[in-house]
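Please open the structure in a viewer and follow the stops below in order. Each stop gives a selection and then describes what is found there.

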Amino acid sequence: MPHDPLPPDPFAGDPEDPSMALGDQDFEQEQQLGDEERAELLSDLADLAVYQALLEPRGIRGIVVDCADCGEAHYHDWELLRSSLEQLLNDGRMRPHEPAYEPNPGHYVSWEYCRGFADGVIETEDQHSR
């Protein structure tokens, strides 16, 4: 599924980057992903494509994640989540992004729901193909 990646950082490599004044911004020492983490991200991206193909036609706009840091639900549209995972895969980190504006919780499901839904579809197809 085609999508637009996040735009490049206009201050990448610029020693005068104004965001450095915010402190605690150690972008120069990006984390290298291990082989296992890389494989997990590739698997997540493949799963995400399946989940989107199955659920988007049913009106599901993306995935909701309960944030352990702030205790709130974060709503991620399919393309935003894909871009974030790809950025993590390519750069070893994710840039901050704007949260969904007044999302309708009924349009988002958990990763576990997606996995269960996909498993159910596969099981049903397997039973019909016998």
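## A tour of the predicted model

Begin with Asp-77, which is partly exposed at a relative accessible area of 26%. The coordinates belong to a predicted model. Arg-61 lies in the loop between α1 (35-55) and β1 (62-66), whereas Asp-77 belongs to strand β2 (residues 73-77), so the pair ties together parts that are 16 residues apart in sequence. Arg-61 also counts as partly exposed, at 43% relative accessibility.

**The whole chain**

Next, show the protein chain as a cartoon. Three helices and three strands make up its secondary structure. Read from the N terminus, the elements follow the order α-β-β-α-β-α. Colour the chain by burial: of the 130 residues, 22% are buried.

**The sheet**

Select the three strands together. In which order do they form the sheet? The order is β2-β1-β3, in an open sheet with mixed pairing. β2 and β3 stand at the edges with a single partner strand each, so one side of each has no neighbour in the sheet.

Now take the two pairings in turn. β1 and β2 run antiparallel and are joined by five bridges. To see one of the bridge pairs, select Ile-63 and its partner in β2, His-76. Then move to β1 and β3, which pair in the parallel sense over two bridges. Here, select Gly-62 and find Tyr-108 of β3 opposite.

**The hairpin connection**

Return to β1 and β2 and select the residues that connect them. How many residues lie between the strands of this hairpin? There are six, and in this hairpin Gly-71 takes a positive phi near 80 degrees.

Select Arg-82 and Glu-79 and display their side chains. The closest N and O atoms of this salt bridge are 3.1 Å apart. Both residues lie in helix α2 (residues 78-91), three residues apart, or about one turn of the helix. Is Arg-82 buried or exposed? Arg-82 is buried, with a relative accessible area of 4%, while Glu-79 is partly exposed at 30%.

**A backbone feature in the next loop**

Follow the chain into the loop between α2 and β3 (108-109) and select Glu-102. Most residues other than glycine have a negative phi. Glu-102 is not a glycine, yet its phi is positive, at about 40 degrees. With 64% relative accessibility, Glu-102 counts as exposed.

**A charged surface patch**

For the last stop, display the surface and select Asp-119, Glu-123, Glu-125 and Asp-126. What do these residues form? Together they form a negative surface patch. To place one of its members, select Glu-125 on the cartoon: this residue is found in helix α3 (residues 111-128).

Notes
Residues numbered from 1 in each chain as written. Predicted model: local features only at pLDDT ≥ 70, side-chain atom pairs only at ≥ 80, totals over all residues. Heavy atoms only, no water. Patch = residues over 30% accessible without salt bridge, like charges linked within 9 Å, V, L, I, M, F, W, Y side chains within 5 Å. Areas by Shrake-Rupley, 256 points an atom, 1.4 Å probe, with all protein chains shown as cover. Salt bridge = Lys/Arg side-chain N within 4 Å of Asp/Glu carboxyl O. Lys, Arg positive; Asp, Glu negative; His and termini not counted. Charge placed at Lys NZ, Arg CZ, Asp CG, Glu CD. Helix = DSSP H or I, 4+ residues; strand = E, 2+ residues; numbered from the N terminus. Buried < 20%, exposed > 50% of the residue type's maximum accessible area, 1.4 Å probe, protein only. Pairing = 2+ DSSP bridges.
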